[in-house]
Amino acid sequence: MVQKTAVVIGANGAIGKALVNQYLRLNYQVVAISSVKLNVAHPMLNKFITDYSRDNIQDLSNRIARIYPGTAYITVCNGLLHTKNNMPEKKIETFDEAYFSALLQANAMTPFLWLQAFMPHLLSTKTPCVFTALSARVGSISDNQLGGWYSYRASKAALNMLFKTASIELQRRRCNVKLMLFHPGTTDSALSKPFQNNVPIDKLFKPEFVAQQLHELQTNRVFDGDVDYIDWQGESIEW
Ligand SMILES: NC(=O)c1ccc[n+]([C@@H]2O[C@H](COP(=O)([O-])OP(=O)(O)OC[C@H]3O[C@@H](n4cnc5c(N)ncnc54)[C@H](OP(=O)(O)O)[C@@H]3O)[C@@H](O)[C@H]2O)c1
């Protein structure tokens, strides 16, 4: 039996790692890409290191598409919320250009550069491919009741718009791809660590649970030419 191939980008993050393990448990051929050397070995796992530069992203995606021409799932798990110098803004006065640029880079540009780089593959492959980026509910403009977190909200909203726009083009070009923007819910990770204090224990998900949900949702996608912006339960999120 031909094994399905799954590519996980940002594979050293909490959700990325759990997703790699989830696919391996299901006997997939897994390609894990990260900026750091991954401390995991498995006969079905192929690992690549990236610096997330445009050239490197293009080079790696070409190599991966050559080795695994029938990739079923590509998932970009990258994301950034806080940095050494900045926490999410509570006030307009704390908005910082460098922080905003870093979040735009990690949350919007990086996932879109991977989609761009895989385009030749997505246009030519006969294998339907679900291409997922990890978004967040706070990227929804209509759902924004609380305010704050300017840079994170705006970077995820930018990601959402890039994918919505891409879905229109991909449908026009009859590309055999389904785009998905996935909100994992509050998940125990380095990214959420500083904000976990007020989260009830049953609302703080384990990355393994989120990875299972994500995989389940990927397998159930309908290739209708639209992008799905959904949470871990598969519920649609208003844009
Ligand atoms: N955890 C939550 O509660 C939560 C809630 C809503 C949405 N999300 C979204 O879920 C995704 C995964 O988050 P996580 O909780 O697994 O966080 P995490 O454990 O901090 O992992 C995030 C990963 O993103 C990559 N990354 C970090 N900085 C980057 C940069 N400057 N440029 C490019 N890539 C960078 C790294 O991947 P490598 O080390 O492998 O290179 C890092 O391991 C993110 O998009 C996040 O916004 C998370």
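Biologist: Which way does α2 pass α3, in a left-handed or a right-handed crossing?
Modeller: The crossing of α2 with α3 is right-handed. Keep in mind that we're looking at a predicted model.

Biologist: And at what angle do helix α2 and helix α3 pack?
Modeller: The angle is about 35 degrees, and their axes lie 9 Å apart. Helix α2 covers residues 54–67, and helix α3 covers residues 97–124.

Biologist: Which residues make that contact?
Modeller: From α2, they include Ile-57, Leu-60 and Ile-64. On the α3 side, Leu-113, Trp-114 and Phe-118 are among them. By class, the contact of α2 with α3 has eight nonpolar residues, five polar ones and one charged.

Biologist: Switching to the sheet, how many strands form it, and in what order?
Modeller: Seven, in an open sheet with parallel pairing. The order is β3-β2-β1-β4-β5-β6-β7.

Biologist: Which are the edge strands, then?
Modeller: Those are β3 (45–49) and β7 (228–231), each pairing on one side only. From one strand to the next, the twist averages 20 degrees.

Biologist: How many bridges join β5 to β6?
Modeller: Six, between residues 129–134 of β5 and residues 177–183 of β6. For example, Thr-132 has Met-180 in β6 as its bridge partner.

Biologist: What does α4 touch when it packs on the sheet?
Modeller: Helix α4 touches β5, β6 and β7, and its direction makes about 165 degrees with that of β6. Helix α5 (residues 207–219) packs on the sheet too, touching β4, β5, β6 and β7. For α5, the angle with the direction of β6 is about 150 degrees.

Biologist: New topic: what volume does the largest pocket have?
Modeller: About 1400 Å³. Its lining takes in 50 residues, with Leu-81, Trp-149, Tyr-152, Leu-191 and Ser-192 nearest the centre.

Biologist: Which elements give two or more residues to that lining?
Modeller: Those are α1 (14–25) and α4 (150–172).

How values were computed. Residues numbered from 1 in each chain as written. Predicted model: local features only at pLDDT ≥ 70, side-chain atom pairs only at ≥ 80, totals over all residues. Heavy atoms only, no water. 1 Å grid on protein atoms, 1.4 Å probe; cavity = no way out; pocket = protein on both sides within 12 Å on 5 of 7 lines; lining within 4 Å. Points joined across faces, edges and corners; volume = space filled by probe spheres on them. Helix = DSSP H or I, 4+ residues; strand = E, 2+ residues; numbered from the N terminus. Pairing = 2+ DSSP bridges. Axes fitted to C-alpha atoms, helices over the stretch in contact; angles between N-to-C directions. Contact = heavy atoms within 4.5 Å. Left-handed = near helix turned anticlockwise from the far one by under 90°. Nonpolar A, V, L, I, M, F, W, Y, C, P; charged D, E, K, R; others polar.
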